[in-house]
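Student: Could we go through how two neighbouring copies in this assembly are related and how they meet?

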Protein chains: 10
Amino acid sequence: MLFMVHMDVNVPHGVDAEEFDRLKAVEKARAEELQRSGKWRHLWRIAGQYANISIFDVEDAAELHEIMLGLPLFPFMTTEVTALCRHPSAIGEG
Amino acid sequence: MLFMVHMDVNVPHGVDAEEFDRLKAVEKARAEELQRSGKWRHLWRIAGQYANISIFDVEDAAELHEIMLGLPLFPFMTTEVTALCRHPSAIGEG
Amino acid sequence: MLFMVHMDVNVPHGVDAEEFDRLKAVEKARAEELQRSGKWRHLWRIAGQYANISIFDVEDAAELHEIMLGLPLFPFMTTEVTALCRHPSAIGEG
Amino acid sequence: MLFMVHMDVNVPHGVDAEEFDRLKAVEKARAEELQRSGKWRHLWRIAGQYANISIFDVEDAAELHEIMLGLPLFPFMTTEVTALCRHPSAIGEG
Amino acid sequence: MLFMVHMDVNVPHGVDAEEFDRLKAVEKARAEELQRSGKWRHLWRIAGQYANISIFDVEDAAELHEIMLGLPLFPFMTTEVTALCRHPSAIGEG
Amino acid sequence: MLFMVHMDVNVPHGVDAEEFDRLKAVEKARAEELQRSGKWRHLWRIAGQYANISIFDVEDAAELHEIMLGLPLFPFMTTEVTALCRHPSAIGEG
Amino acid sequence: MLFMVHMDVNVPHGVDAEEFDRLKAVEKARAEELQRSGKWRHLWRIAGQYANISIFDVEDAAELHEIMLGLPLFPFMTTEVTALCRHPSAIGEG
Amino acid sequence: MLFMVHMDVNVPHGVDAEEFDRLKAVEKARAEELQRSGKWRHLWRIAGQYANISIFDVEDAAELHEIMLGLPLFPFMTTEVTALCRHPSAIGEG
Amino acid sequence: MLFMVHMDVNVPHGVDAEEFDRLKAVEKARAEELQRSGKWRHLWRIAGQYANISIFDVEDAAELHEIMLGLPLFPFMTTEVTALCRHPSAIGEG
Amino acid sequence: MLFMVHMDVNVPHGVDAEEFDRLKAVEKARAEELQRSGKWRHLWRIAGQYANISIFDVEDAAELHEIMLGLPLFPFMTTEVTALCRHPSAIGEG
């Protein structure tokens, strides 16, 4: 199943910069691993913002939630989740 | 360049059903042609709504605008456009 | 998979009352059938509004979309869809 | 009487992690107890968010308020409350 | 149980003025009857708007819904419903 | 003159709990005194929220402002003020 | 008592132009009369919009409501009303 | 003085296509004339929408209003006006 | 030129009370001086909120910006600025 | 390609004033350099706010993102990005 997730990262004033950089490195590694596994199908930066648009291809909402919860930057994110399905005018799978 | 477009179709009460069906058929043909050309890279239905999420791969904003304006259902749409770029954690092109 | 759907029905001024009543009767029959099949697990009226909160238990977003699109009142609805999953503090299935 | 409550948990930066974990454990125990009593009829996680959708079956708004106020994480929540009633197309109780 | 209802009346352009006046007269009679019965405890006009703030004292949400649905102007209203309960600092019943 | 005030209390993380409890006690005493004087005509808790709906009966907006400013919890509140007047369908004073 | 009113005029498509011009002429005469009486203290156009910002000096909310309701264009307006009072830093009356 | 204006054009269903095309032609001529005069300094299309972002260089808000009111499509527009001034980091005039 | 400014003051938790009182005193003096000069033509308190509605009569947007930036409480404000002009139905200057 | 960016700067309470001034000086130098290079084509202050409207002329969204990310005040900004293109009624390039 496909989900679009809009992730908006808000770094609170006063956060420890070194610790945050460490979280970002772990996040990057995790994101790459999930992309290689095919779960995180697309990952785009929203131009001009600390935010991204992602497409996940997962078993169900439970697997999506587990993935999101496991992201080191999840506590700093505001997220919006949209369930997608095949469009009747799509060629191929979408 | 990549753009995400959220298209929400609002069919006004009293629209001529036959004419609208004809527009939808033309829209479908146009969407398939643009997908085959690679300009309309992804097209997903938002579950439970007469709306879609699309990813366009175009030269620039001008080409995106020309495509959108040429859609037969454009006069019935509310659209939101988001400019995307490569994410530093993306593998491949995103 | 579970989805919560908020359906808000807007009856445009000037709609044919008899035709609308006919649609409502078909909608009621369809809703009852879907509840008996277990797909439409819960259906509650929002007090004081022509709106409902529904919980669907479907295969995936595609099945949810097909169900929604098949509702006779769908063209008159504004919908919001929320993907749900098991809560770690839930006893039983939720 | 049935109420739907949307609870959105916001953990402020700088909160004591150990203390927060303790509150979560108490919250979990309280939620399970209220589910067993039948007051907290449904509890679902919103996929991808630190938020839940709950259905409460209580005497009245006063009992709902007392329950909400007694949740250890209430001070960290933004809540929306919707009063529900039986839908004319519902089979069984909804 | 107490509910606050915010009713906002939108008269569509082109409505039949005589018919609308008739509905308003029926609405007025119904409102007065419900006030005398004690169900519609307070009814205030919002200054400068075709809108009101009402406090209902009903058995439960089902009774509130039945009352609202029975108002002749309900099809022209946008409503917001808020469940109220006793405030710990209130003297008397509120 | 009647005003409806929606008060939403936001307790910032890190506030001194003892001091806040002291302010709440003073607030309660002040609210009771204003209710006895007839100025604060109604005070209801919004179910499930640290918020209230109040009806004030004051000379004018100046007196309302003075009352609000004198509330110990005012610095922690977000407020919305709505000027009310007699509804043509109200029996008695509203 | 002073009230600020934001009036936004929405002319529906298909309105009779001649009749609307007649209403505007009556509105203008009424506005001038109310300004001369001192009730409508200020009347400014919002630049670039069919909207105005007005300051009324009236007995109370009831008088404001009666004035608003008497405006020929009231049925075409969306209004926002804000109760004002003397500012502690104002010199003169504000 | 510089103003940014966001104009969003909404064509109501059922508008006379020929008449609307005529208005668009007059609008185009008027826009070109105002650009040549230097009053309408910039005019950009928002990609994917029937909307534009404009920068006006006018004497004051009165002149801006007169220009906006004179646009044949003004009755079909929703507008937002933002007053601009020189930025301390701008080189040249901005 | 006339501008309406809505200033909403947000005092962050933990601000130094004495320093803030000092800023308020300077703000008051500055506001009075600007009123006497005729630049700050009206200053009203919004009843029940730490907010005001002001009308400025300045040369242009640049002068307005300079005034706003010079207010000691500016860093604590959220502001909305609306450009005003003469209303065709205004008698006198508005 | 042209992008309009609305940048809104939020200085958190408790930020180090000297460090912030240093960042502002670097920001100013960077903004001037980007304007000279033609990338940052227009930069206007929004009157009465710590915010600006900017027009960027860049290769694509990737270059815009790189520029935004490189601004020293970016961590303190809320941004909105709008992709622009040539308007059919524009004379010259817009």
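This is a predicted model: local features need pLDDT of at least 70, side-chain atom pairs count only at pLDDT 80 or more; totals for chains, interfaces and linings use all residues.

Student: What percentage of the contact residues of chain I recur in chain J?

Tutor: On the side of chain I, 13 residues are in contact with seven residues of chain J. The copies use different surfaces, and the part of chain I's contact residues that recurs in chain J is 8%.

Student: How many residue pairs are in polar contact between chain I and chain J?

Tutor: Together the two chains bury about 670 Å², of which 62% lies on carbon and sulfur atoms. The count of salt bridges between chain I and chain J is zero. With both residues at pLDDT 80 or more, the count of residue pairs in polar contact is four.

Student: Which element gives the largest share of the side of chain I that touches chain J?

Tutor: Two or more residues on that side come from each of α2 (61-69) and β4 (77-86) of chain I. By type, the residues of this side divide into eight nonpolar, four polar and one charged. The largest share, four residues, comes from α2(I).

Key
Residues are numbered from 1 along each chain as its sequence is written. Chains are lettered from A and ligands numbered from 1 in the order in which they are written. Side-chain values use heavy atoms; hydrogens and water are left out. Contact means heavy atoms within 4.5 Å. Buried area is the accessible area (1.4 Å probe) that two parts lose on being put together, summed over both. A salt bridge is a side-chain nitrogen of Lys or Arg within 4 Å of a carboxyl oxygen of Asp or Glu. A polar contact is a pair of N or O atoms within 3.5 Å; within protein, one must be able to donate a hydrogen and the other to accept it, and residues adjacent in sequence count only if both atoms are side-chain atoms. Ala, Val, Leu, Ile, Met, Phe, Trp, Tyr, Cys and Pro count as nonpolar, Asp, Glu, Lys and Arg as charged, and the others, Gly among them, as polar.
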